[in-house]
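Work through the exercises below with the sequence and the 3D structure open. Each task is followed by its solution.

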Amino acid sequence: MRVLAIGNFSHRYMEHCWRAPLRRLYPDSLVVDTAPLLAVGDGRGRFCHQYILGLLRNDTVDCVLFFTDGGIANDFPDAFFAALRQSQIPVIAIHGDDEPEVWYERNRRFDHRYDMVATHSRRSCERRRAEGWGERALYLPWGYNPAVFRRMPDAEKKYDIVFVGKNKQSGRPEDWFEDSRLRADSLVRLYELCRRQGLRFGLFGMGWEDHPILGEAAGGLVEDDAMVRIFNESKLVFNPSWTADNDFASYQNKLRLFEVAGSGACQLTNHNPDFAASFPDGGGAVYFSNVDELEQKVLYYLRHEEERARIALSALKVARSGHTAEHRVEALMAHVRACFSSEEGGKAREDRTEKGPGGGAASVWAGHPQQIQGTPVCVYGDGIAEPERAFVHLLPPESDLLSIESDYLPIRTFLGSDSPADVLTVRTIVEFPGQDGNFIQVNKENFNGCLLDSDGDQALALLPQDMADRLILPGTTASPLVGLNYLVRASRLDDFMAAVRSGSGFGSAGVGAGAGAGLGSGAGAGAAKGGRADLRIIHSHRIVNRVRFHRSAGRAFSFLNLRGKLDRLMADLKGLGKSVMIYGGRGALPPVAREAIERRGVSFLGYIDRALAGKSLDGHPVFSADMLESLQPDVVLVAATVSGPEIYENLSKSLGRFCVIPLYELEHPSWEIVY
């Protein structure tokens with residue numbers, strides 16, 4: 001079975017729990033990480049949507065797995081799923097946060113898009129089955145990755161009790177978010193208990209340095225290996241599992257429960273019947289029903305080492321035997337086959353008809369440094385056995401500055417043995433450390449990077465010179481060539497390098513000029529003259545590479561086109577003395593707009609946001625929409641991506657008094673006629 005997996009795999013836990021095991025068990029699956037694709041587009045996600053649909057038009061899969069973690073369902077319209085349905089491909093949603101009531105209702109409004117729903121919540125699964133989903137609602141708890149979360153026998157106990165997790169209230173001084181109050185209040189009680197009793201308290205995660213009491217204990221955000229070691233170095237792990245309903249009696253079967261068990265640690269969590277079914281009280285975990293009981297059990301188990309060690313060992317054995325990420329992938333795919341393999345219309349087909357060139361896929365080589373006509377590159381593979389079938393990928397050497405990941409599955413239909421291409425161009429995602437310091441959970445909002453086409457596009461010129469030099473093929477600085485965006489048929493490699501050296505057909509001008517010329521058989525193909533013969537170029541437009549720089553580029557790259565357009569607009573508005581408001585205080589676009597306003601010093605009157613009205617955001621007031629008439633801004637920037645069109649329609653009656661610009665639509669005429 002061949003899978004297309006769509007999700008925010010820039011979240012570290014999504015990589016560990018879904019992408020990695022999917023690739024191990026179903027190695028020919030296509031995996032699309034939505035975070036960079038949503039960030040580099042226009043704010044509405046249209047580039048991401050069209051890219052995925054393009055994959056499906058040119059390839060064949062048996063099912064689509066849509067992972068809703070990070071709220072990405074809001075970034076995809078119903079029309080996207082209607083297009084999937086027309087392809088007769090079953091769409092399976094995997095809900096990682098789905099407990100009643102808040103999370104369940106948030107997900108339920110999108111359930112009409114899916115053919116099957118897998119949920120970590122037993123209660124939500126039972127509700128869907130009662131609503132008519134039957135077997136197409138699957139209870140699928142989280143599973144942990146044992147390659148990451150593991151027991152470390154050499155670890156010495158440095159802490160009596162630790163907590164690892166973010167401060168959900170950080171940055172929201174007036175707004176308690178999900179279970180943030182329960183989490184913070186319980187941690188304060190534990191911290192004060194530890195200070196009274198002389199116990200060693202550990203607190204790790206993003207944002208705790210901002211807490212007025214816990215800030216002095218904050219240990220900061222930690223990498224995965226450091227987190228696993230902290231679990232192993234602690235006698236007890238405080239690991240509550242409340243839901244977004246902010247109720248002490250609520251519970252969810254969250255991922256961290258399985259990760260701590262798989263690390264061989266003894267954990268304390270609130271009463272949770274779903275988790276207790278596999279990890280019973282006193283036999284796999286320790287449960288509490290209120291903070292007083294939590295304090296009592298902390299002191300009890302710190303005094304009873306043998307009981308504590310027995311619980312930890314039992315949890316480890318149970319986790320390993322049936323609760324790994326691979327267990328969950330196998331259970332999910334077995335259920336998908338049972339639900340869809342016998343249906344007509346091609347759903348979950350075992351007898352796929354492959355799309356694209358025939359004659360078998362060509363090999364792609366990578367691996368060791370070489371010199372090609374005196375140019376140092378890394379060539380993918382160990383040698384050229386069949387130069388007519390193989391392609392060479394021109395990768396720059398990795399270093400302390402950057403790492404490279406290449407995925408060739410998106411271009412397999414371009415690499416058949418009868419492919420007309422001598423040269424295949426691809427795209428590269430370039431990523432830098434985020435501006436907010438959160439390297440664990442990267443979303444479209446805090447993704448910092450850009451997309452490089454074969455000619456490097458405008459983004460290449462914005463990189464620091466030493467970074468750009470690492471991506472440019474040596475010897476092509478006059479007409480820069482991003483080498484890793486080219487795959488060359490091995491038998492034509494000498495001709496390609498001769499053309500590169502001569503400057504006759506490659507580089508930022510040559511590739512663009514060659515597009516559509518020479519082959520006479522479809523768009524995106526061209527011929528470059530140079531070397532001993534013509535080279536036939538095909539532009540795949542597929543993303544194959546992800547380059548991660550380990551040093552900041554000194555600027556933000558997300559929403560590159562939007563940033564440039566906003567900067568020009570704000571420069572004009574500053575010169576004219578105009579005032580601006582932002583409609584929408586949450587999501588990806590408000591910070592981009594706010595940055596442009598601040599950079600140019602434009603008069604900013606505040607935000608419009610119904611849910612936050614009466615509060616402040618980034619030190620600026622938030623108003624309700626009915627205040628717009630009295631505030632009298634000159635320009636309103638609509639920064640709500642989901643409800644944006646409706647907001648624009650509601651404001652259209654006021655276009656005679658102020659200009660309304662939808663940030664999610666860069667081609668809207670209001671950008672050109674502001675005043």
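Two strands pair if DSSP finds at least two bridges between them. Helices (H or I, at least four residues) and strands (E, at least two) are DSSP runs, numbered from the N terminus. This is a predicted model, in which local features need pLDDT of at least 70, side-chain atom pairs count only at pLDDT 80 or more, and totals for chains, interfaces and linings use all residues. Residues are numbered from 1 along each chain as its sequence is written, and side-chain values use heavy atoms, with hydrogens and water left out.

**Exercise 1.** Find how strand β17 (residues 423-431) and strand β15 (residues 391-395) are joined to β19.

Step 1. β17 and β19 run antiparallel and are joined by three bridges. Here T425 stands opposite Y486 of β19.

Step 2. β15 also pairs with β19 in the antiparallel sense, over three bridges. In this pairing H393 stands opposite L487.

**Exercise 2.** State which way the side chains of β19 (residues 486-489) point, and whether they are buried or exposed.

Step 1. Buried means under 20% relative accessible area, exposed over 50%, and partly exposed in between (1.4 Å probe, protein chains only).

Step 2. Y486 and V488 point one way, L487 and R489 the other way, and all are buried.

Step 3. In a regular strand the side chains alternate between the two faces of the sheet.
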